[in-house]
Amino acid sequence: MRSKTSKKRWFKTLTSVTITLALVVPLLAACGKDSSVDDKTERVLRIASNYGGSSEEYFRQQFSEVYEYAHPNIKIELVPIMDNDQYRYSPPKEGEKQPDPMEKLKELMTGANPPDIVMLDLEMLPELVSNNMLLQLDSMIAKDKFDTSDIVPSVIDGLKSMGDGKLYALSPFFSASALMYNKKLFDDAGVPYPTDDMTWDEMFNTAKLVSKGDGDQRKYGFSFSTYSYGDNLFYEINNYYTNPLQLRMFNDAGEKMTVDSEQWEKVWKTMQGLVKEKVFPEAMDPSKMGGMMRNSDEYNPFQNDMFKSGRLAMTIVQNYQINDMINANKNAVNVKGFTPIDWDIVTVPTHSEAKGKGGNIYMNGVMGINAKAQNQPDAWNFLKFVNGEDFAKLKSRSMNQMVSRKKYIQPQDGLSYNIKALYSLTPVPFNEMNKMYREKPYIGQVQGMGMQYFKKAMDGTVGVRESLKEWQAAGDAALQQLKDNPNAQINMGMGMGMGMSKPAVMY
């Protein structure tokens, strides 16, 4: 027999569910209404993606559950491109060739029972387009008057740029970066706030003006991340600073280094100067990273976050970190020693020679229709559904990613920060080197070994150009080793065989 408290809780839950269904069901009906598609005959819609195995539940929650509810006659069958669980629990042995996801996808798309829709990594799109393996969507968009005008330019232009100006895929979600700044530190220094469309040089000059103080009281002007770790800078300048310049570490064939150049020297000298002037936070001393134990009387979850601790004027953040900042301020009374931060965001800085290009856009749910689709009408109906306005409205409260339709990208909690900064820039041009990273999965080690030479240059123990020459020589030897054996681990004697296996796939 239920207690009164249990009955109240049960009734409250039931009421909540009933209200939710009352609100959502009419919306689903609107989402699913399409006179061109038969809504009674049972059919199968096959979708190929990397969300197979244990990840299938995530795909259905994120993309297909709502569609299946609105279309009970459609059975969605997920087809894994690769068995990712196999490599999660049994990683390939040293020297063993890993399957190429692109080749696996091509085999699947042209096989005896091809998928109707393919969800793919953005880097795969140009190759599939050039091989005529995806249907062009523009004619279907025009025929059905499917409105794409509200899709943020960063997403729609990014997709078009990979299809020679035409659309072969759509993406319902994306995440992006912005420059967050602490208003108090600018007010204290008497320096104007950052603005949209600043160049990197303008931002660095501003960062120098707000960098003040000594020791533990030092206020730093800028960091590529909210945390200060010595190894981060090497990778972060590649993600945010050199990618828009289209600076490469290797030649097209991946057989020679290209870092012994004036451009790379200029980049490293810029970073070296900012390190010397202490514009960047110094690497944290692990022995001083206190306050992290939850059972400590001085527990402060933000103590080692340079921005939330009030010691960093500007930093690059992803959109989910904006939500973290909002939540931190809301819970300030519960955190001893934490003072709420008065903040805002502007666009990520851009290079003067690449003005307006600098938006790092990560697209999630990039899907196109297989040219050999067996069920093209339902495939197009599904794409319209998950990229439509009603679906965006349903999904717009996600904390970790944003929907691609501007109408439903709004500041959280009624705040008024500059949310357009997240999607105003033109995407960084596509990195053509991603194909090389697929073909030579261990080439990332050559990138990683550059860290030791970068540190020498930043410390001033070796000149910048000399450090780059050393990396060039060691990298050339390592690349020759990979040419002889593409699946070989780099000889550790050539350098520090560490680093990312491939660069972040982004715009």
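Q: Does W200 count as buried or exposed, and what is its relative accessibility?
A: Buried means under 20% relative accessible area, exposed means over 50%, and partly exposed is what lies in between, with a 1.4 Å probe and protein chains only. W200 has 1% relative accessibility and therefore counts as buried. This is a predicted model, in which local features need pLDDT of at least 70 and side-chain atom pairs count only at pLDDT 80 or more, while totals for chains, interfaces and linings use all residues. Residues are numbered from 1 along each chain as its sequence is written, and side-chain values use heavy atoms, with hydrogens and water left out.

Q: What share of the protein is buried, and how many helices and strands are there?
A: Of the 507 residues in the protein, 50% are buried. The protein has 18 helices and 13 strands, where helices (H or I, at least four residues) and strands (E, at least two) are DSSP runs numbered from the N terminus.

Q: How many aromatic pairs are found in the whole structure?
A: A pair of aromatic rings is described by the distance of the centres and the angle of the planes. Rings of Phe, Tyr and Trp (its six-membered ring) pair if their centres lie within 6.5 Å; planes under 30 degrees apart count as stacked, over 60 as edge-to-face and the rest as tilted. The search of the whole structure gives 27 aromatic pairs. One of them is edge-to-face and joins F146 to W380, with 5.8 Å centre to centre and 75° between the planes. This pair links distant parts of the chain, since F146 sits in the loop between helix 6 (138-143) and helix 7 (153-161) and W380 in helix 13 (residues 376-386), 234 residues apart. F146 counts as buried because its relative accessibility is 13%, and W380 counts as buried at 6%. W200 and Y241 form an edge-to-face pair as well, at 5.3 Å centre to centre and with 75° between the planes. W200 belongs to helix 9 (residues 200-210) and Y241 to helix 10 (residues 232-242), so the pair ties together parts that are 41 residues apart in sequence. Y241, at 6% relative accessibility, counts as buried.

Q: Which residues do ring pairs link into a cluster, and where is the kink in helix 2 centred?
A: The cluster linked by ring pairs consists of F59, F63, Y67, F173, F382, F385 and F391. An α-helix has 3.6 residues a turn, so residues three or four places apart point the same way. In helix 2, the buried residues include F59, F63 and Y67. Helix 2 has a kink of about 65°, centred on S64, where the bend is the angle between axes fitted to the seven residues ending at a residue and the seven starting there.

Q: How should I read the pairing of strand 7 with strand 5 and with strand 6?
A: Strands of a sheet pair through backbone hydrogen bonds, either parallel or antiparallel. Two strands count as paired if DSSP finds at least two bridges between them. Strand 5 and strand 7 run antiparallel and are joined by five bridges, with Y181 standing opposite M314 in strand 7. Strand 6 (residues 220-223) pairs with strand 7 in the parallel sense over three bridges, and S223 has T315 as its bridge partner in strand 7. Seven of the seven residues of strand 7 are buried, so this strand is largely enclosed by the rest of the structure.

Q: What does the side chain of N182 reach, and what does that of R311 reach?
A: A polar contact is a pair of N or O atoms within 3.5 Å; within protein, one must be able to donate a hydrogen and the other to accept it, and residues adjacent in sequence count only if both atoms are side-chain atoms. N182 lies in strand 5 (residues 177-182), and its side chain reaches the backbone nitrogen of K184 at 3.0 Å. N182 is buried, with a relative accessible area of 3%. R311 lies in the loop between helix 11 (262-276) and strand 7 (312-318), and its side chain reaches the backbone oxygen of G215 at 3.4 Å. The C-alpha atoms of R311 and G221 are 8.6 Å apart, although the two residues are 90 residues apart along the chain.
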